[in-house]
Amino acid sequence: MLDSTTAIARAYEALSTCTDLVAAAECLKQLGRGFRMPHPAVIDDYSTNRLLAIEDGRALASVLGWDGELTEQWLAQRLHLVSPIGAVCRMSTQPFAWDAHTVAAAVSAPHVWPLTPERGFYGGITVPVHMPRGRTASVSWYARDASVDLAATLVDHGAVIRLAALRFMDLVYSIRAETESADDAPALSERELECLTWAALGRTDGEIGAVIHRSPATARFHIDNAVRKLGARNRTQAVAIAAERGLIHPAEHPGHTSTPHPTR
């Protein structure tokens, strides 16, 4: 029987030669078995609740063994938007261990958060991955056994865990690049992007209308269109999604440089 270090190394070696997501997903599970966490999960874009699909159209979550009810809850409740794990991923590049109690307590709507000890989730190790076009992704391994020492596992195997996550997401992106063009990004017009950028800078509809020499209602119309195209609930969420995807850059003013003079 292989010792855990050898098993983990072999799983990573196999992953590094994979050319399809089904085989790569199995390698993620094999690698996790080496440190008693054979339950991986992949989020390929925290700005959307669209699930990553494999080559035949199935959700990767089903290949990784995730319960359909839990997956539906993730989608229906749009949990990618409130996930504390996702929030850390957006701000970091380093793998981190997390405790399920602590994460659940940090969720703004804890009653809808499924990754709890009551449902057999005790914590996990997550690797943030920053993808092209401003996407934030992650690869995680979940502890379904309360006796797993997450901190020690991260110390002992963090380097190979990170390499495995990066290798897997490299494969995701290489496959996606073959089928996805820039035209698949939300088709926001130049005016919608401009208005959304001003909104990101804290301008009101009246101020934005003054800048673009249109009425506040017109400014609001363009922002509402952007909200709809991005699948957001409101302009704040639309700004966050657009910024994460690299569609807008709030630190920079849009093309217009005139100072708004709203009517009082």
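Me: Which residues of helix 5 are buried in this predicted model?
Reply: The structure is a predicted model. Buried means under 20% relative accessible area. In helix 5, the residues that count as buried are P84, I85, G86 and C89.

Me: What covers the buried residues of helix 5?
Reply: The cover is drawn from strands and a helix. The strands included are strand 2 (96-99), strand 3 (123-130) and strand 4 (136-143). The helix included is helix 6 (100-106).

Me: Which residue caps the N-terminal end of helix 5?
Reply: The cap involves a side-chain oxygen placed 3.2 Å from the backbone nitrogen of I85. I85 is itself one of the buried residues of helix 5. The residue that supplies the oxygen is S83.

Me: Is H80 buried or exposed?
Reply: H80 lies in the loop between helix 4 (68-76) and helix 5 (84-91). Leaving aside residues up to four places away in sequence, H80 touches Y46, S47, T48, N49, W74 and R90. Because the relative accessible area of H80 is 1%, H80 is buried.

Me: What is the phi of R78, and is R78 buried or exposed?
Reply: R78 also belongs to the loop between helix 4 and helix 5. Most residues other than glycine have a negative phi. R78 is not a glycine, although its phi is positive, at about 50°. With a relative accessible area of 18%, R78 is buried.

Me: Which accessibility class does R36 fall into?
Reply: R36 is placed in the loop between helix 2 (21-33) and strand 1 (40-43). R36 has a positive phi of about 65° and is not a glycine. Its relative accessibility is 44%, so R36 counts as partly exposed.

Me: How many nonpolar, polar and charged residues are in the contact of helix 8 with helix 10?
Reply: Helix 8 takes part through R191, E192, C195, L196 and A199. Helix 10 takes part through A219, H222, I223, N225, A226 and K229. By class, the contact has six nonpolar, two polar and three charged residues.

Me: Is L230 buried or exposed?
Reply: L230 is located in the loop between helix 10 (216-229) and helix 11 (235-244). Its C-alpha atom is separated by 28 Å from that of V63, which is 167 residues apart along the chain. Because the relative accessibility of L230 is 6%, L230 counts as buried.

Me: What share of the residues of the protein count as buried?
Reply: The protein has eleven helices and four strands, and its C-alpha atoms fill a box of roughly 75 × 40 × 30 Å along the principal axes. Among contacts with a separation of 6 or more, 68% are between residues 24 or more positions apart. Of the 264 residues, the share that count as buried is 47%.

Conventions: Residues numbered from 1 in each chain as written. Predicted model: local features only at pLDDT ≥ 70, side-chain atom pairs only at ≥ 80, totals over all residues. Heavy atoms only, no water. Helix = DSSP H or I, 4+ residues; strand = E, 2+ residues; numbered from the N terminus. Buried < 20%, exposed > 50% of the residue type's maximum accessible area, 1.4 Å probe, protein only. Contact = heavy atoms within 4.5 Å. Nonpolar A, V, L, I, M, F, W, Y, C, P; charged D, E, K, R; others polar. Polar contact = N/O pair within 3.5 Å; in protein donor to acceptor, adjacent residues only side chain to side chain.
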